[in-house]
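Hello,

Here is the structure I promised to pass on. Please open it first, then read my notes below.

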Amino acid sequence: MKIKVCGMRDPENVQRLIQEVKPDWIGLIFYSQSSRYVSADFAESFPETGIPKVGVFVNETIEFVLSKVDEFNLSVIQLHGNESPEYVRELKLITGKKLWKVVSVGDSIDWETLRNYVGLVENFLFDTATPKHGGSGKRFNWQILESYPFEKGFLLSGGLDEGSASEILSLAEKMPQMVGVDLNSKFEDAPGLKNIEKLKSFKNKIRP
Ligand SMILES: O=C(O)c1ccccc1NCC(=O)[C@H](O)[C@H](O)COP(=O)(O)O
(Lines give C-alpha, C1' and ligand atoms only; values in the text may rest on other atoms or scores of the structure.)
Protein backbone atom coordinates (compact mmCIF):
# COMPACT_ATOMS: atom_id res chain seq x y z
CA MET A 1 0.00 0.00 0.00
CA LYS A 2 1.64 3.23 -1.18
CA ILE A 3 1.40 6.53 0.67
CA LYS A 4 1.08 10.05 -0.70
CA VAL A 5 1.47 12.89 1.78
CA CYS A 6 -0.23 15.94 0.33
CA GLY A 7 -0.08 19.67 1.05
CA MET A 8 3.62 19.99 1.87
CA ARG A 9 5.47 23.30 1.59
CA ASP A 10 7.61 23.94 4.68
CA PRO A 11 11.25 23.04 3.81
CA GLU A 12 12.14 21.71 7.32
CA ASN A 13 8.92 19.75 7.51
CA VAL A 14 9.65 18.27 4.07
CA GLN A 15 13.15 17.24 5.23
CA ARG A 16 11.77 15.46 8.28
CA LEU A 17 9.11 13.79 6.15
CA ILE A 18 11.72 12.41 3.76
CA GLN A 19 14.04 11.19 6.50
CA GLU A 20 11.50 9.79 8.96
CA VAL A 21 8.44 8.80 6.92
CA LYS A 22 9.74 8.21 3.39
CA PRO A 23 6.36 8.40 1.63
CA ASP A 24 6.01 7.21 -1.96
CA TRP A 25 4.84 10.61 -3.21
CA ILE A 26 4.84 14.19 -1.91
CA GLY A 27 1.89 16.38 -2.96
CA LEU A 28 2.22 20.12 -3.66
CA ILE A 29 -0.94 22.14 -4.09
CA PHE A 30 -1.01 24.75 -6.86
CA TYR A 31 -4.55 25.97 -6.22
CA SER A 32 -4.39 29.58 -5.04
CA GLN A 33 -7.52 29.32 -2.89
CA SER A 34 -6.09 26.48 -0.81
CA SER A 35 -4.57 27.24 2.60
CA ARG A 36 -1.78 24.85 1.50
CA TYR A 37 -1.02 26.77 -1.69
CA VAL A 38 2.56 26.55 -2.91
CA SER A 39 3.41 29.89 -4.50
CA ALA A 40 6.31 30.49 -6.89
CA ASP A 41 8.44 31.76 -3.94
CA PHE A 42 8.68 28.20 -2.67
CA ALA A 43 10.40 26.87 -5.80
CA GLU A 44 13.92 27.81 -4.64
CA SER A 45 13.52 26.77 -1.01
CA PHE A 46 11.80 23.47 -1.83
CA PRO A 47 14.37 20.72 -1.19
CA GLU A 48 15.12 18.14 -3.90
CA THR A 49 13.69 15.10 -2.21
CA GLY A 50 14.41 12.11 -4.43
CA ILE A 51 10.75 11.27 -3.88
CA PRO A 52 8.33 11.82 -6.80
CA LYS A 53 6.40 15.06 -6.50
CA VAL A 54 2.71 15.23 -7.38
CA GLY A 55 1.40 18.65 -8.42
CA VAL A 56 -2.26 19.26 -7.56
CA PHE A 57 -4.19 21.51 -9.96
CA VAL A 58 -7.81 22.69 -10.12
CA ASN A 59 -9.14 23.66 -13.56
CA GLU A 60 -5.89 25.32 -14.57
CA THR A 61 -4.63 26.32 -18.01
CA ILE A 62 -2.19 23.93 -19.66
CA GLU A 63 0.40 26.75 -19.70
CA PHE A 64 0.18 27.15 -15.91
CA VAL A 65 0.52 23.39 -15.34
CA LEU A 66 3.53 23.25 -17.67
CA SER A 67 5.24 26.10 -15.83
CA LYS A 68 4.87 24.29 -12.46
CA VAL A 69 6.03 20.96 -13.92
CA ASP A 70 9.27 22.71 -14.93
CA GLU A 71 9.74 24.90 -11.84
CA PHE A 72 9.17 22.06 -9.36
CA ASN A 73 10.30 19.07 -11.42
CA LEU A 74 6.93 17.33 -10.98
CA SER A 75 6.60 13.62 -11.79
CA VAL A 76 2.81 13.37 -11.59
CA ILE A 77 0.00 15.83 -12.37
CA GLN A 78 -3.12 15.43 -10.19
CA LEU A 79 -6.22 17.01 -11.74
CA HIS A 80 -8.55 17.96 -8.93
CA GLY A 81 -11.25 19.91 -10.79
CA ASN A 82 -13.68 19.32 -13.64
CA GLU A 83 -11.03 18.68 -16.29
CA SER A 84 -12.51 17.05 -19.41
CA PRO A 85 -11.09 13.95 -21.15
CA GLU A 86 -10.07 16.25 -24.05
CA TYR A 87 -8.07 18.46 -21.68
CA VAL A 88 -6.46 15.39 -20.11
CA ARG A 89 -5.53 13.99 -23.54
CA GLU A 90 -3.91 17.27 -24.57
CA LEU A 91 -2.01 17.63 -21.29
CA LYS A 92 -0.74 14.07 -21.57
CA LEU A 93 0.49 14.66 -25.13
CA ILE A 94 2.22 17.92 -24.24
CA THR A 95 3.83 16.94 -20.94
CA GLY A 96 4.31 13.18 -21.31
CA LYS A 97 3.78 13.05 -17.52
CA LYS A 98 1.74 10.61 -15.46
CA LEU A 99 -1.72 11.99 -14.81
CA TRP A 100 -4.12 11.24 -11.96
CA LYS A 101 -7.77 12.25 -12.27
CA VAL A 102 -9.58 13.04 -9.07
CA VAL A 103 -13.15 11.87 -8.71
CA SER A 104 -15.10 13.95 -6.20
CA VAL A 105 -17.46 11.54 -4.50
CA GLY A 106 -20.91 12.56 -3.29
CA ASP A 107 -23.79 10.10 -2.92
CA SER A 108 -22.82 7.96 -5.93
CA ILE A 109 -20.38 7.71 -8.85
CA ASP A 110 -21.34 7.54 -12.54
CA TRP A 111 -18.81 4.92 -13.67
CA GLU A 112 -19.64 5.51 -17.37
CA THR A 113 -18.34 9.09 -17.13
CA LEU A 114 -15.03 7.79 -15.80
CA ARG A 115 -14.64 5.30 -18.65
CA ASN A 116 -13.47 8.16 -20.92
CA TYR A 117 -10.45 8.76 -18.68
CA VAL A 118 -9.36 5.14 -18.24
CA GLY A 119 -6.96 5.07 -21.22
CA LEU A 120 -5.47 8.45 -20.34
CA VAL A 121 -4.62 8.41 -16.66
CA GLU A 122 -2.24 6.38 -14.53
CA ASN A 123 -4.60 6.33 -11.56
CA PHE A 124 -7.89 7.70 -10.31
CA LEU A 125 -7.99 9.32 -6.88
CA PHE A 126 -11.28 9.22 -4.99
CA ASP A 127 -11.83 12.18 -2.68
CA THR A 128 -14.84 13.60 -0.85
CA ALA A 129 -16.85 16.14 -2.84
CA THR A 130 -16.55 19.60 -1.30
CA PRO A 131 -17.00 23.17 -2.59
CA LYS A 132 -13.31 23.75 -1.76
CA HIS A 133 -12.39 20.85 -4.11
CA GLY A 134 -10.08 19.13 -1.60
CA GLY A 135 -8.57 19.11 1.87
CA SER A 136 -12.01 18.85 3.51
CA GLY A 137 -10.95 16.33 6.18
CA LYS A 138 -14.21 14.50 5.48
CA ARG A 139 -14.69 10.88 4.47
CA PHE A 140 -17.12 9.65 1.84
CA ASN A 141 -18.99 6.35 1.90
CA TRP A 142 -16.33 3.83 0.79
CA GLN A 143 -19.00 1.23 0.01
CA ILE A 144 -19.59 3.15 -3.23
CA LEU A 145 -16.17 1.90 -4.41
CA GLU A 146 -17.16 -1.74 -4.12
CA SER A 147 -18.85 -1.53 -7.54
CA TYR A 148 -15.70 -0.03 -9.18
CA PRO A 149 -15.74 -1.66 -12.63
CA PHE A 150 -12.21 -0.97 -13.94
CA GLU A 151 -8.78 -2.59 -13.58
CA LYS A 152 -7.20 0.87 -13.45
CA GLY A 153 -5.47 1.65 -10.15
CA PHE A 154 -6.78 4.20 -7.70
CA LEU A 155 -5.84 6.02 -4.50
CA LEU A 156 -8.21 6.49 -1.60
CA SER A 157 -8.45 9.99 -0.12
CA GLY A 158 -10.67 12.25 1.97
CA GLY A 159 -10.40 12.62 5.71
CA LEU A 160 -8.09 9.65 6.28
CA ASP A 161 -6.58 9.65 9.77
CA GLU A 162 -4.56 7.41 12.10
CA GLY A 163 -7.70 5.53 13.07
CA SER A 164 -8.51 4.64 9.44
CA ALA A 165 -5.67 2.11 9.02
CA SER A 166 -7.52 -1.14 9.71
CA GLU A 167 -10.54 -0.18 7.56
CA ILE A 168 -8.16 0.82 4.76
CA LEU A 169 -6.48 -2.58 4.91
CA SER A 170 -9.89 -4.32 4.79
CA LEU A 171 -10.92 -2.29 1.74
CA ALA A 172 -7.60 -3.00 0.00
CA GLU A 173 -8.10 -6.74 0.55
CA LYS A 174 -11.40 -6.53 -1.34
CA MET A 175 -10.06 -4.18 -4.02
CA PRO A 176 -6.71 -5.07 -5.61
CA GLN A 177 -6.95 -1.96 -7.80
CA MET A 178 -6.32 0.21 -4.73
CA VAL A 179 -2.67 1.22 -5.04
CA GLY A 180 -2.43 3.68 -2.21
CA VAL A 181 -3.76 6.30 0.15
CA ASP A 182 -3.55 10.09 0.19
CA LEU A 183 -3.03 11.76 3.58
CA ASN A 184 -3.57 15.40 4.33
CA SER A 185 -5.44 17.54 6.86
CA LYS A 186 -5.91 14.90 9.58
CA PHE A 187 -2.12 14.68 9.89
CA GLU A 188 -1.52 18.42 10.25
CA ASP A 189 -0.60 20.75 13.11
CA ALA A 190 -1.42 23.71 10.84
CA PRO A 191 -2.28 23.98 7.13
CA GLY A 192 0.77 22.78 5.19
CA LEU A 193 2.61 21.60 8.33
CA LYS A 194 2.46 17.85 8.87
CA ASN A 195 2.74 16.03 12.19
CA ILE A 196 5.59 13.62 11.52
CA GLU A 197 4.87 11.41 14.55
CA LYS A 198 1.27 10.83 13.42
CA LEU A 199 2.46 9.97 9.91
CA LYS A 200 5.06 7.51 11.23
CA SER A 201 2.49 5.84 13.44
CA PHE A 202 0.04 5.51 10.51
CA LYS A 203 2.75 4.12 8.22
CA ASN A 204 3.69 1.49 10.83
CA LYS A 205 0.06 0.41 11.01
CA ILE A 206 -0.41 0.18 7.27
CA ARG A 207 3.03 -1.27 6.44
CA PRO A 208 4.20 -2.94 9.66
O1 LIG B 1 -5.76 20.27 0.52
C2 LIG B 1 -6.22 21.24 -0.07
O3 LIG B 1 -6.25 22.36 0.46
C4 LIG B 1 -6.78 21.10 -1.45
C5 LIG B 1 -7.53 22.14 -1.96
C6 LIG B 1 -8.03 22.07 -3.25
C7 LIG B 1 -7.80 20.95 -4.02
C8 LIG B 1 -7.07 19.89 -3.51
C9 LIG B 1 -6.56 19.94 -2.23
N10 LIG B 1 -5.88 18.85 -1.69
C11 LIG B 1 -5.48 17.78 -2.50
C12 LIG B 1 -5.45 16.42 -1.95
O13 LIG B 1 -5.10 15.51 -2.68
C14 LIG B 1 -5.88 16.12 -0.53
O15 LIG B 1 -4.95 15.29 0.02
C16 LIG B 1 -7.27 15.48 -0.53
O17 LIG B 1 -8.21 16.45 -0.89
C18 LIG B 1 -7.66 14.90 0.87
O19 LIG B 1 -7.59 15.87 1.85
P20 LIG B 1 -8.12 15.57 3.35
O21 LIG B 1 -9.59 15.35 3.26
O22 LIG B 1 -7.76 16.78 4.12
O23 LIG B 1 -7.41 14.35 3.85
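Where does the ligand sit? The ligand sits in the largest pocket. A pocket is an open set of points on a 1 Å grid over the protein atoms alone, with protein on both sides within 12 Å along at least five of seven lines. To sit there, a molecule needs more than half of its atoms within 2 Å of the pocket's grid points.

Two notes on the basis. This is a predicted model, where local features need pLDDT of at least 70, side-chain atom pairs count only at pLDDT 80 or more, and totals for chains, interfaces and linings use all residues. Residues are numbered from 1 along each chain as its sequence is written, and side-chain values use heavy atoms, without hydrogens and water.

Next, the polar contacts (pairs of N or O atoms within 3.5 Å). Arg36 has a polar side-chain atom 2.8 Å from a ligand oxygen. For Asp127, a polar side-chain atom lies 2.5 Å from an oxygen atom of the ligand. Gly159 uses a polar backbone atom, 2.8 Å from a ligand oxygen. The protein covers 99% of the ligand's own 510 Å² of accessible area (Shrake-Rupley method, 1.4 Å probe).

Best wishes

Conventions: Polar contact = N/O pair within 3.5 Å; in protein donor to acceptor, adjacent residues only side chain to side chain. 1 Å grid on protein atoms, 1.4 Å probe; cavity = no way out; pocket = protein on both sides within 12 Å on 5 of 7 lines; lining within 4 Å.
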